[in-house]
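Colleague: I'd like to learn how to read a pair of packed helices. Could you walk me through it on an example?

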Amino acid sequence: MKCIYCQKEKTPSHEHVISETVLKIVFGDAVRNITTSSVFNNKTLTDYQHKILDVCSDCNSNLSPYDVAGGKLVSDINKFYDASFAKIKIDSIKLGWLIKTHLNLIRLSPDKRTGLHFQICQDIYTSLIKKSRIDTPLYVLAIDGYQGKEYFWDENDSKHIQYFSHKSVTFPDQEILVSNFRIKSIDTFLLLPTNNDYDNFANRCKSVRVDMKNGYDINPSEVDIKQTLTDRYYLVTNIVPFDRILRSIEEVKKA
Ligand SMILES: [Zn+2]
């Protein structure tokens, strides 16, 4: 196996798609398989206990600080059920965990059009393994907060929604992949080129964001990475109102 991080031929290790540390914080020691649905129109099911086999054990251990940081990030998010005006503590390692998890989820599902895996820029993986900041022209991150209700996250409530959800959507006109990973009431969107082609990337992302708004009524705020890492927190500014969330849940049920 060729390791996705170091690009060397090595024996694979078992990298959890969502860090085990994080799953334990949310679900306790008895982590069960969790299914998910998506805010976009159709339904996807993902097994979050899933492990991927394209990371060598050296790189996997190198990545462990991200799992610890991801645990802290998710503990923070776990404290509130409504993200309105939430202030989330973030640093470069927590941000790295978020991006690493998006990439793990992206690698689980190939491009539906070609059956091939998306080509992700190697510099992103190299920066992650070196714990150095990923150049911001290489990705766009945008965040929405859910105006959630307490029962959303109560597993014993029949109307509860899944704690984590993920969906990848490609926008073929712009050749942009939008990876949508929601952690409780924090919905994150990572925009990348589908084919590692960064020509005019910023404008293609802008155009995709217009399509997301017009086609799906999804308009998350773009995160100013530099500013966020300087402030060491992110203030959630764009809130998906309660009735809009209910509509999405209904759409997913119908799909
Ligand atoms: Zn490796």
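This is a predicted model: local features need pLDDT of at least 70, side-chain atom pairs count only at pLDDT 80 or more; totals for chains, interfaces and linings use all residues.

Modeller: From H3, Pro 65, Tyr 66, Asp 67, Ala 69, Gly 70, Lys 72 and Leu 73 meet Ile 93, Lys 94, Gly 96, Trp 97, Lys 100 and Thr 101 of H4.

Colleague: What span should H3 have, and how far apart are its end C-alpha atoms?

Modeller: H3 covers residues 64-78, and its 15 residues should span 21 Å at 1.5 Å a residue. The end C-alpha atoms of H3 are 21 Å apart, which agrees. H4, residues 92-108, has 17 residues and reaches 24 Å from first C-alpha to last, close to the 24 Å expected.

Colleague: Which residues of H3 are buried, and what do they pack against?

Modeller: Tyr 66, Asp 67, Ala 69, Gly 70, Gly 71, Leu 73 and Val 74 are buried in H3. The buried residues of H3 pack against helix H1 (20-27), H4 and strand S6 (176-183). As for H4, 13 of its 17 residues are buried, so H4 is largely enclosed by the rest of the structure.

Colleague: Which residues touch the most other members of the largest nonpolar core?

Modeller: The general idea comes before the case. In soluble globular proteins, nonpolar side chains tend to be buried together. The largest nonpolar core in this model has 58 residues, and Ile 99, Tyr 139, Leu 141, Ile 143, Val 178, Leu 190 and Leu 191 touch the most other members. H4 gives the most to this core, with seven residues. Take Leu 141: leaving out residues up to four places away in sequence, Leu 141 touches Thr 188, Leu 190, Val 223 and Ile 225.

Colleague: And how does the radius of gyration of the chain sit against that of a compact globule?

Modeller: A compact globule of 255 residues would have a radius of gyration near 18 Å; the chain has 17 Å, which agrees. The C-alpha trace spans about 50 × 45 × 40 Å along its principal axes. There are eight helices and ten strands in the chain, and buried residues make up 39% of its 255 residues.

Note on methods. Residues are numbered from 1 along each chain as its sequence is written. Helices (H or I, at least four residues) and strands (E, at least two) are DSSP runs, numbered from the N terminus. The expected span of a helix is 1.5 Å times one less than its number of residues. A residue is buried if 20 or more other C-beta atoms lie within 10 Å of its own, exposed if 12 or fewer, and partly exposed in between; C-beta atoms are placed from the backbone. Two residues are in contact if their C-beta atoms, placed from the backbone, lie within 7 Å. A nonpolar core is a set of buried Ala, Val, Leu, Ile, Met, Phe, Trp, Tyr and Cys residues joined through C-beta atoms within 7 Å. The radius of gyration is taken over C-alpha atoms; the globule rule is 2.2 Å times the number of residues to the power 0.38.
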